[in-house]
Amino acid sequence: MTMRPSTRLHRRAQQRGTTLIEILISVVILLVALLGAAGMMARSNQSEMESYQREQALTLLQDMTARLNANRQAAVCYAVAGATTTAGNGGISAPTCTTGTAAQQATVAADLAAWNTALLGTAESTASGTIAVGAMIGARGCIEAVDTTNQIYRITVAWQGLVKTTASSLPCGSGSFGNEAYRRAISVQVRMGVLS
């Protein structure tokens, strides 16, 4: 059984067309897969940045907690009732304090200045030294006197996240980041023990 030459040519032409269509379909499938992978990488980078910012915030929260505990005799100098001490993005606002010795008051001022520097991220910068990269986006720290009689203080760190979530109920940094759904905040309450 022999095929006529025209039939063979016709089948070869059909096969070439089929091969071209198969290649085009493969390219389209590959492009869709690559776009999916690129989207997944972008979400992964975003999640990594959110995690990094939360880790930085926890470190700064623990830092101020340790500073407050170390200078417990002048704890009221970190925050007074009815006012919030703030640091970081937006500058420092600290209460005037006459409690404790001059050395303890100087320690409070040094602690707040160091915390402000850490919140701004100025301790870590790019190789050129022009851009601070060490902290969260728009980092702000707050210290509130919750109960001055029992010496209970709330230390909060707030920053701007990359995606919208539920707005934090903590007041620190409220109104500083535009949409409240981008504001992240973590806090800890510290109670000064009475040492006798």
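Q: Why does aspartate 111 count as buried?
A: The relative accessibility of aspartate 111 is 8%, and the label buried is given under 20% relative accessible area, with exposed meaning over 50% and partly exposed in between (1.4 Å probe, protein chains only), so aspartate 111 counts as buried. The structure is a predicted model, in which local features need pLDDT of at least 70 and side-chain atom pairs count only at pLDDT 80 or more, while totals for chains, interfaces and linings use all residues. Residues are numbered from 1 along each chain as its sequence is written, and side-chain values use heavy atoms, with hydrogens and water left out.

Q: Which residues does aspartate 111 touch, not counting those up to four places away in sequence?
A: Aspartate 111, found in helix H2, touches Met64, Arg67 and Tyr78, where contact means heavy atoms within 4.5 Å.

Q: What makes the pair of aspartate 111 and arginine 67 a salt bridge?
A: Their side chains meet at 3.0 Å, N to O, and a salt bridge requires a side-chain nitrogen of Lys or Arg within 4 Å of a carboxyl oxygen of Asp or Glu, so the pair qualifies. Arginine 67, at 23% relative accessibility, counts as partly exposed. Side chains of opposite charge can pair when their charged atoms come close.

Q: Why is the pair of arginine 154 and glutamate 144 called a salt bridge, and which strands does the pair tie together?
A: The closest N and O atoms of arginine 154 and glutamate 144 are 3.3 Å apart, so the pair passes the salt-bridge criterion. Arginine 154 lies in strand S3 and glutamate 144 in strand S2, so the contact ties together parts that are 10 residues apart in sequence. Glutamate 144, at 15% relative accessibility, counts as buried. Salt bridges that share partners also join Asp63, Arg67 and Asp111 into one network, and the count of salt bridges comes to 5.

Q: What makes cysteine 77 and cysteine 97 a disulfide, and why is the disulfide called left-handed?
A: Their S to S distance is 1.7 Å, and a disulfide is a pair of cysteine sulfur atoms within 2.5 Å, so the pair meets the definition. The torsion about the S-S bond is about -50°, so this disulfide is left-handed. Cysteine 77 lies in the loop between H1 and strand S1, and cysteine 97 in the loop between S1 and helix H2, 20 residues apart. Cysteine 77 is buried, and so is cysteine 97.

Q: Why is the disulfide of cysteine 142 and cysteine 172 called right-handed?
A: The sulfur atoms of cysteine 142 and cysteine 172 are 2.1 Å apart, and the torsion about their S-S bond is about 80°, so the disulfide is right-handed. Cysteine 142 is in strand S2 and cysteine 172 in the loop between strand S3 and strand S4, 30 residues apart. Cysteine 142 is buried, with a relative accessible area of 3%, and cysteine 172 is buried, also with a relative accessible area of 3%. A search of the whole structure finds 2 disulfides, and with the bonded cysteines numbered in sequence order the pairing is 1-2, 3-4.

Q: Why does glutamine 189 count as partly exposed?
A: Glutamine 189, which lies in strand S4, has a relative accessible area of 48%, so the residue is classed as partly exposed. Leaving aside neighbours within four places in sequence, glutamine 189 is in contact with Val146, Ile152, Tyr153 and Arg154.

Q: How confident is the predictor in the protein chain, in terms of average pLDDT?
A: The chain averages a pLDDT of 84, and 83% of the residues score at least 70, where pLDDT is the predictor's confidence in each residue, from 0 to 100. Among the elements of the chain, H1 has the lowest mean pLDDT (84) and S3 the highest (93).

Definitions and conventions: Helix = DSSP H or I, 4+ residues; strand = E, 2+ residues; numbered from the N terminus.
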